Amino acid sequence: LLMWGTICGMLLIRLAVGSWRVSRVRASARFSSDERIVRLAREAAVRIGAREIPSVLIAKQRVAPLALGIFRPAIVVPESLLSDLSDEELLDVLVHE
């Protein structure tokens with residue numbers, strides 16, 4: 001029982017640290033008003049049949065693209081990735097997330 005409690009505690013700490021890191025990324029990222037990004041996000045939403053177009057946030061940190069949020073869904077894309085990808089490749093990233 002002691003072992004089970006220890007493992008559960010460690011997993012809860014890991015979950016809390018992960019949530020804190022994601023909230024820091026979201027807080028430091030900026031909304032994209034770039035027409036290219038908005039257009040691709042709209043197209044990605046149509047492709048997957050989403051009712052809403054998720055916000056696309058641009059992160060200065062080196063993070064992997066990620067989807068986050070339940071009530072305010074957003075896709076975080078690192079700034080460095082935007083210039084490296086073609087429109088089709090970025091669309092694939094947005095659809096995947």
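Predicted model: local features only at pLDDT ≥ 70, side-chain atom pairs only at ≥ 80, totals over all residues.

Mentor: A polar contact is a pair of N or O atoms within 3.5 Å, where one must be able to donate a hydrogen and the other to accept it. The backbone nitrogen of D34 in turn lies 3.4 Å from a polar atom of the S32 side chain. S32 belongs to the loop between strand 1 (30-31) and helix 2. Because its relative accessible area is 15%, under the limit of 20%, S32 counts as buried. Setting aside neighbours within four places in sequence, S32 is in contact with I37, V38, V56 and I58.

We turn next to the helix itself. Helix 2 comprises 14 residues (35-48), which at 1.5 Å a residue should span 20 Å; the C-alpha atoms at its ends are 20 Å apart, so the two values agree. Its buried residues are I37, L40, A41, A44 and A45. They lie on the same side of helix 2, because they cover an arc of only 140° around the axis. The face turned away from this buried side carries the exposed residues E35 and V46. After the helix comes G49, whose phi is positive, near 75°.

What do the buried residues of helix 2 pack against? Their partners are strand 2 (55-59), helix 3 (79-84) and helix 4 (87-96). L82 touches R36, I37, I58, V77 and L90, when residues up to four places away in sequence are not counted.

Side chains of opposite charge can pair when their charged atoms come close. R39 and D87 meet in a salt bridge, at 3.0 Å from N to O. Since R39 lies in helix 2 and D87 in helix 4, the pair ties together parts 48 residues apart in sequence. R39 is partly exposed, with a relative accessible area of 35%, and D87 is likewise partly exposed, at 32%. A salt bridge also joins R47 and E43, whose closest N and O atoms are 3.7 Å apart. Both residues lie in helix 2, 4 residues apart, which is about one turn of the helix.

Notes
Residues numbered from 1 in each chain as written. Heavy atoms only, no water. Helix = DSSP H or I, 4+ residues; strand = E, 2+ residues; numbered from the N terminus. Expected span 1.5 Å × (residues − 1). Buried < 20%, exposed > 50% of the residue type's maximum accessible area, 1.4 Å probe, protein only. Arc of directions from axis to C-beta. Contact = heavy atoms within 4.5 Å. Salt bridge = Lys/Arg side-chain N within 4 Å of Asp/Glu carboxyl O.
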